[in-house]
Amino acid sequence: MSVDAKTVRHIAKLARIAVSDAEVAALAPELSNIIGWIEQLQEVDVSEVEPMTAVIPNILRLRDDVVTDGGIRDEILANAPAAEHGFFAVPKVIE
Amino acid sequence: MTALTDLGVAQIRDGVAAGEFSARAVAEAYIANVEAGRGLNAFVVETPELALAAADAADKARASGELKPLSGVPLGIKDLFCTEGVQTTAGSRILEGYKPVYESHVSANLFAAGAGMLGKLNMDEFAMGSSNETSGFGPVLSPWRRNDGGNAALTPGGSSGGSASAVAARLAPGVTGTDTGGSIRQPAAFTGITGIKPTYGRCSRWGIVAFASSLDQAGPMARDVRDCAILLEAMAGFDPRDSTSLKLDVPAWEAGLAADVRGKRIGIPKEYRIDGVPAEIDAVWQQGIEWLRDAGAEIVEVSLPHTKYALPAYYIIAPAEASSNLARYDGVRYGLRVQPAQGGLDDMYEATRAAGFGAEVKRRIMIGTYVLSAGFYDAYFNQAQKVRALIARDFERVWAHCDLLLTPTAPSAAFGLGEKMADPIAMYLNDVFAVPASLAGLPAISVPAGLDAQGLPLGLQIIGKALDEQGVLNAALAFEERAGFTARAEAWW
């Protein structure tokens, strides 16, 4: 399947990555090549297999539903580009 | 007298314990090499003060008779491991300046065992690359050069390229690496060192910056098999904070080492003989087969029929997981924020990610987003997960005929910087022999086997059954004894 400029812009939007016109022009053939190459998987007969969900059979463990950490607000905010009044700060989203 | 930086992990540990030299002297010698080796660009951050503090603690521990398993051993830590208070970037500008407030489980294990940290090692951005050229902090150089008299800059491989270069150039006796689709084994092969990816789940992923969570696995890289066994023993172990961590005791791999493959059946998968691989790779593979036969192993030809589909399956699964994992870099909680004037929240996300991620990371996020998007999920992602199940089944079936597999690690020796950057698929093909074991979660080691005509190292890979790191290490040790690989890069840096 060929990936056109419109598709590149759509997936860039989904991935929240701003792309310039020049980048779109470069990405369309690159992504087409890669997608074209991975399409060889379609020739494999997988009618009798389930999709793999675990590499090593392992049971998802349960633990008691209790608080095991927390109370470290300042540490969590320590690397934030903008933090105010004990919160992460982002551009205004509600007028 | 042997330079202290010629000593590996076991020799340092034993020498410090015996009082032959102080841990401080070892740390100082390695710190001097790290400084002298800056031209290789192997380290993103140097932490001599941490290496010295651990060394002083080791010397005190010796005096008081309280030595730990890695007392006196300074290590390099790949920049994918979160290190408390020390910048952790995963090779990306988007995390420049990020100082974790916690320590990864693996590095915490190493430090609790007495090891010190020389610094954080350069790598491909978010471990996406096979040459270290995608790093946001510039490519790492291999200490190796071709014997043609030229000074062409060669890649140490990737993504653990800083790790490989540091060990090969004697900037560290051992390092941590991570392997998602060959990122420990291929750089080990390119630089003439040893590196093992253990069974998926042996090492906790907690605190390792996530790339493709179903594949990511930490492992050691060092100069020989014994040193890898020692380091892996310290790194591994159950961790309830990683839901895929295996709740198993860590075997005493070092104590269990025996260079003995008598009676072992070594499988040679015929699908790993692929077109376009240099004759020298086949020759060194054949030599390896002879060495293991000479060591008493039985050599059997085997088949892993879905091998050719491993790489394309990997390039659906890994980018899909990456597109999800890397959604967290949004300019809000850590790292870079780019706020366009007049822009809203979505504009900030898009501008931040456009500025912070490099080209290969963007490419993989977009491929991952595409294969997971509405209408394509079944055709790509589910199909790849089914093919992955078939690849794992190939391995399960092959164990009826053999105990271990011997293959080349990479389809070539190290290449020059810039040679493959223009063609993503040519770069991806570097991991053609490494990816199947990653998809199946199996332990696999790369050991140096010899030099090619240009004087560059070639490695062979030994793959084992799940949880049989001991079998892998023992076969590698038998291999290592016969290979007698002592070549090292002449210092030019």
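This is a predicted model: local features need pLDDT of at least 70, side-chain atom pairs count only at pLDDT 80 or more; totals for chains, interfaces and linings use all residues.
Local features need pLDDT of at least 70, side-chain atom pairs count only at pLDDT 80 or more, and totals for chains, interfaces and linings use all residues. Residues are numbered from 1 along each chain as its sequence is written, chains are lettered from A in the order in which they are written, and side-chain values use heavy atoms, with hydrogens and water left out.

**Exercise 1. Describe the contact of chain B with chain A.**

Step 1. Count the residues, taking contact as heavy atoms within 4.5 Å. Chain B gives 72 residues and chain A gives 49 residues.

Step 2. Find the buried area, which is the accessible area (1.4 Å probe) that two parts lose on being put together, summed over both. For chain B and chain A this is about 5,100 Å², with 70% of it on carbon and sulfur atoms. On the chain B side, B:Glu350, B:Met366 and B:Tyr370 lose the most area to chain A, together 14% of what that side buries.

Step 3. Look for polar contacts (a pair of N or O atoms within 3.5 Å; within protein, one must be able to donate a hydrogen and the other to accept it, and residues adjacent in sequence count only if both atoms are side-chain atoms). The interface of chain B and chain A has 17 residue pairs of this kind, both at pLDDT 80 or more.

Step 4. Sort the chain B side by class. Ala, Val, Leu, Ile, Met, Phe, Trp, Tyr, Cys and Pro count as nonpolar, Asp, Glu, Lys and Arg as charged, and the others, Gly among them, as polar. The side of chain B that touches chain A has 39 nonpolar, 19 polar and 14 charged residues.

**Exercise 2. State which residues of the largest pocket lie nearest its centre.**

Step 1. Define the space. On a 1 Å grid over the protein atoms alone, a pocket is an open set of points with protein on both sides within 12 Å along at least five of seven lines, and lining residues have an atom within 4 Å of a point.

Step 2. Read the lining. Of 27 residues, B:Cys82, B:Tyr98, B:Tyr102, B:Trp206 and B:Tyr334 lie nearest the centre. The lining divides into 14 nonpolar, 5 polar and 8 charged residues.

**Exercise 3. Locate B:Ser213 and list what it touches.**

Step 1. B:Ser213 lies in the loop between β5 (194-197) and β6 (217-222) of chain B.

Step 2. Leaving out residues up to four places away in sequence, B:Ser213 touches B:Tyr200, B:Arg205, B:Glu321 and B:Asn325. The side chains of B:Ser213 and B:Asn325 are joined by a polar contact of 3.0 Å.

Methods
On a 1 Å grid over the protein atoms alone, a cavity is a set of points where a 1.4 Å probe fits but cannot get out, and a pocket is an open set with protein on both sides within 12 Å along at least five of seven lines; lining residues have an atom within 4 Å of a point. Helices (H or I, at least four residues) and strands (E, at least two) are DSSP runs, numbered from the N terminus.
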